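Hi everyone, and thanks for coming.

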Amino acid sequence: MIKAENLIKNYGDFSLNISLDIPEGCITGLIGKNGAGKSTTIKSILGLVLPDGGSIQVLGKEAGKLTPEDRQHMGVALSDSGFSNYLTVKDVAKILEKMYRDFDREAFLKRCSDQRLPLQKQLRQFSTGMKAKLRVLVALSHRAKLLIMDEPTSGLDVEARNEILDILRDYLAEDETRSILITSHIATDLEGLCDDIYLIHDGRILIHEETDVILSDYAVLKLSERDLEKLDQQYILRTKKEGFGMVALTDQKQFYKENYPELVIENCGIDDLILMMTGGERK
């Protein structure tokens, strides 16, 4: 669905240089701190900015050469996008009907009703969560093969976030050839949704790993500086000094469990991965 090879985009002091591959039937998470390069990557995929080097293909074509017909197969929900606040959901449906050949008005309005979105109220009366749900429902209203979701759950409470994630899971389950690229600052959303994760920092991909592997094989070790010096560090990715001593990130949890049973070993979540890989010392 998406394939970037040595994609380069320069903005003053910032330089993006990444490669990634998102196949059919996959939900991929793109994570990283603010300013890491997530938005530039999304804009490059959408053809909104042209690369300074390398290539990026979307649906088998160069991103900058996507035609209106190609874009019929893409659904996009950006965190800062939306319709005029003076429109209603029914007004939005009329617009989408003109934009997308495969727009299903009846299914769209039913999904909105199922998500308790009032059809006749102006969007300015919608809560933050209601607007977020509408952005997602608009993106998948025309049976897109590829969904690109930029922070779709940002600022929402747990219940609203879970509802949006369920919508995305159901959408992929309807057609296993569809793919979703999603960015989020909320690690637990990605842990329960994504098949694989790309961690981007300072315009570079630091890690690409299956989500299940991160949750099963990665770990955070807590130990003293002296114990760290004695440790076999061949599987240590990053270390970081904290108030009580040291923490170390490994992608071989079982090795340290078997060979250092006295160590404090904690499971690694995506938040831990981001903090250690972007703030720790490389080994």
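First, some ground rules. Residues are numbered from 1 along each chain as its sequence is written, and side-chain values use heavy atoms, with hydrogens and water left out. The model is predicted, so local features need pLDDT of at least 70 and side-chain atom pairs count only at pLDDT 80 or more, while totals for chains, interfaces and linings use all residues.

Let's begin inside. In soluble globular proteins, nonpolar side chains tend to be buried together. A nonpolar core here is a set of buried Ala, Val, Leu, Ile, Met, Phe, Trp, Tyr and Cys residues joined through side-chain atoms within 4.5 Å. Buried means under 20% relative accessible area, exposed over 50%, and partly exposed in between, using a 1.4 Å probe and protein chains only. The largest core has 55 residues, and among the members touching the most others are Val-89, Phe-108 and Leu-134. Which residues does Leu-134 touch, not counting those up to four places away in sequence? They are Val-89, Phe-108, Cys-112, Leu-117, Leu-123 and Phe-126, where contact means heavy atoms within 4.5 Å. There is also a second, separate core of 25 residues, including Leu-16 and Tyr-198.

Now find Thr-278 in helix α11, residues 270–279. Helices are DSSP runs of H or I with at least four residues, strands are runs of E with at least two, and both are numbered from the N terminus. Is Thr-278 buried or exposed? Thr-278 counts as buried because its relative accessibility is 14%. A polar atom of its side chain lies 2.5 Å from the backbone oxygen of Ile-274. Beyond its neighbours within four places in sequence, Thr-278 contacts Lys-33, His-201 and Leu-206.

On to the pockets. On a 1 Å grid over the protein atoms alone, a pocket is an open set of points where a 1.4 Å probe fits, with protein on both sides within 12 Å along at least five of seven lines; lining residues have an atom within 4 Å of a point. The volume is the space filled by probe spheres set on the points. The largest pocket has about 560 Å³ and 22 lining residues, with Val-76 and Phe-83 among those nearest its centre. Helix α5 gives the most to this lining, five residues.

The second largest pocket holds about 150 Å³. Its lining includes Gly-35, Lys-38 and Asp-150, and helix α1 supplies the largest share, three residues.

Conventions:
Polar contact = N/O pair within 3.5 Å; in protein donor to acceptor, adjacent residues only side chain to side chain.
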